[in-house]
Each structure stands twice: as structure tokens, then as C-alpha cells.
There are 2 protein chains.
Amino acid sequence: MGTEPAPSITICGLTYEEYASAVRAFHGHLAPGMVLGGLLVDLAYRHRPPGELLDVVCETRTCLPDAVQLLTPCTLGNGGLHLVDLGRFALTLFAKDTGAGVRVAVEAGALGPWPEIAAFLFKQAPKHAQDTAALLAALLQAGDDILRVEPVEVDLARLASRRRAAFAVCPRCGEGYPEADGEACLGCRGEAPYTVGGAGSVENG
Amino acid sequence: MGTEPAPSITICGLTYEEYASAVRAFHGHLAPGMVLGGLLVDLAYRHRPPGELLDVVCETRTCLPDAVQLLTPCTLGNGGLHLVDLGRFALTLFAKDTGAGVRVAVEAGALGPWPEIAAFLFKQAPKHAQDTAALLAALLQAGDDILRVEPVEVDLARLASRRRAAFAVCPRCGEGYPEADGEACLGCRGEAPYTVGGAGSVENG
């Protein structure tokens, strides 16, 4: 286990350096989770036939959604990326029309030879004690060896949102909201994580 | 209300054409919601002092998260974008350290002069009947006139996830998961939107 990235690796057709550069531009820094995420997306694509229209279920909020958004046409805002936060570092790439897909996840039982990766994934050490270069090298060398691949059938009905069929004006805030949410919007019914009217927040305009 | 985009508009320092090009590359197509989303992000930035470290709360899954991810450093995977799906086309840009921020939303009461925009937001017409060029032109001409700005104080504790402090191996699937989720991971307790083992899904590898 050296500390140099494996030079020959490609991630969805990008060289490691091309992917790293795209990650820095979008995600802000070359996080180990983004490298691991790239490996998951790449492996998933290798298990689906080319040319399919694909959506993704992502099971964590951490890093992996950004690897999906960089390497696939699926984004949060275009509806192709479905975040179902099960807390696992795993994704499912599936055909939009049938739900047939492949799930890729980290196989915890395969981490024995890779203590840096286990320490990272299970937060066994404080972040400042992490040797990021060694961790990145370990991830690239481990590659598919620490990943599990399994065929899945996605329940398309479970992912579909029926909530947005009709919109109304909320009688409290005067904004549009999904009528199915009830007599007033969720924001006006205590679900907003903020209070309106902080002092001095509006600086100009 | 002509049908040509207002040529002088800028969105977070980008020309309309530069923004449109970035939208097509990331989101897949120049959706009206991405143009409206760009207007919201731009207006929010104009109400915060420069140089702050900012996070975003986005209140809808539709389009707006992608405008945020294109125009701010905040993404879903780096934790800067907090999706709190209240079903409203609105976002809050706030200082990470204090929670002081500005919320920008669509003011439904201001849509009277803009029937195309109202029809779009309230899904009053089927999508195939939408005149997208006229709608985009209306959005650019309406600009800030249809938006509401208000100071807010974000409850930072409410956005923080304490769930990820400790990880364990799930005794059922053998994958890592947040210990706080219980004796087994949420995926193994019925929350996964798929069934494992579909026929013929793994094509090669």
C-alpha cells in the first residue's frame, strides 16, 4: 500500500486527475468520500447495458450525491437523483422505465486489509489525525475489492411524488405550496428551520 | 411582454447565456425553474455582505437545488445545501456561523401581471401547452418584482445531523450505518425502496 494514486485508474471515462479537478470545482475539495463515490458510480455503470435512461437512488447525504451529480445526468433538481437517506454509503443505478438496476455498496467485511479506509468510514479517528494522501491511495488501490454489487428491482411507485399534482396559495404566507400538504403549507405549520425577522439581516437592496 | 430574454440581466455575475449554458450542462435542459432559481439566488446574494461563509436552505426539490449548486459553493454532498422540502419555491442564504440570513421566495400575490408565470408555478396548464420561450422572457422581465425578501434567523441546531457521530456494522446487511438508527440499519428495516435480487439486472462485471 504505497501513497501514490494508481495512475491507470479511470472513473466513468475520466482520468483520476480529470475527476479530481471536477470534484474540486464542484464539491470544493478532493474529499476521500468523493473518490470512493466515484468508484461506486463507475462500478455501477459497468453493470448496466449502455444507452439506458437511468436514475439513481443514493442512500447517504455525504459526498456520494455529488459524485452522482458529476458523473451521471442525474441531479437533485432535475429529479434523476433520489436521495433516500438510509445512512449507508451505497447507490442504485436503475432504468427509469422498469426499475431494474444495480446496487453498489461498501462491503464492511472486505475492509480488513484496508485499516485507513475502515477508520475513515467508521470515524474511528478524529478527522485531523487522518492521513488523507494515504487514504486516497488506499481507496484507489482497493477499488472494486471493497465494493458489493447486487441486482435490485426499484419500486418506482415508492419514489414517485404525488404531492406536487396541484398547487394552491397558502392562506398564511401567501406563497404557492402543494395542496396535498393540507390547509396551509408545511412552512407555516412549524416545519421551517428558521424564524422570520432577524435584526439587521437585510443589508441592502 | 416580448419573447426575447432581457439582454442586460446577469445572474450571480454570469450573463444570461453563460448561466443558460451552465444549466444545460448540469441540469440537462434550460428549465424555466432553473431561470427562476437563478433569479432567487442572485437576489439573495445581493442581500448579504460579501465574503461571508454561507449555507443554503432550499425548500423545494424541483430545479432550485440545482441553481444553488451551480451558483454557490453549496452542494448536497458537501453539506452546504440543506434540503428541507416544504414544497415552496424559496431559499434561505445564511451565515454558517450565526444563522443570520435572508430568505427569498416567490410572492404569489405579485403574479397578476404575469399569467404565464402563474400558470407555470401553479401547474394550471399541461406542460406540453406551455410556451417556454414566452415563459422564460416573462421570468427575466419580471425579475425581482415577483420575489419576496425577508430577513431570517436559521436554527442551526435544527439543521445539524447528530445521527452520524458513530457508525457500526449492520448485523443484517454487513454494511456500515449510523449507530443511532438502531440495532439494524434503516435499509434492513423496510426503508429501502427496492428489493434485492431482480433477475438479469447484472449484465457483466
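Axes here are lines fitted to C-alpha atoms, for helices over the stretch in contact, and angles between N-to-C directions run from 0 to 180 degrees. Helices (H or I, at least four residues) and strands (E, at least two) are DSSP runs, numbered from the N terminus.

This is a predicted model: local features need pLDDT of at least 70, side-chain atom pairs count only at pLDDT 80 or more, and totals for chains, interfaces and linings use all residues. Residues are numbered from 1 along each chain as its sequence is written, and chains are lettered from A in the order in which they are written.

**Two helices in chain A**

Let's start with helix α2 (residues 32-45) and helix α5 (residues 132-142) of chain A, which pack at an angle of about 5 degrees with axes 10 Å apart. That makes α2(A) roughly parallel to α5(A) (angles under 35 degrees count as such). From α2(A), A:P32, A:V35, A:L36 and A:L39 meet residues of α5(A), including A:L135 and A:L139; contact needs C-beta atoms, placed from the backbone, within 7 Å.

Now look at strand β5 (residues 90-95) of chain B, where five of six residues are buried (20 or more other C-beta atoms within 10 Å of a residue's own, with C-beta atoms placed from the backbone). Strands pair if DSSP finds at least two bridges between them.

| Partner of β5(B) | Sense | Bridges |
|---|---|---|
| β3(B), residues 54-58 | antiparallel | five bridges |
| β6(B), residues 100-106 | antiparallel | five bridges |

B:C58 stands opposite B:L91 in β5(B), and B:F94 faces B:G101 in β6(B). A hairpin with four residues between its strands is formed by β5(B) and β6(B), and B:G99 in the turn has a positive phi of about 85 degrees.

Conventions: Parallel < 35°, antiparallel > 145°, perpendicular 65-115°, else oblique. Contact = placed C-beta atoms within 7 Å. Buried ≥ 20, exposed ≤ 12 C-beta atoms within 10 Å, placed from the backbone.
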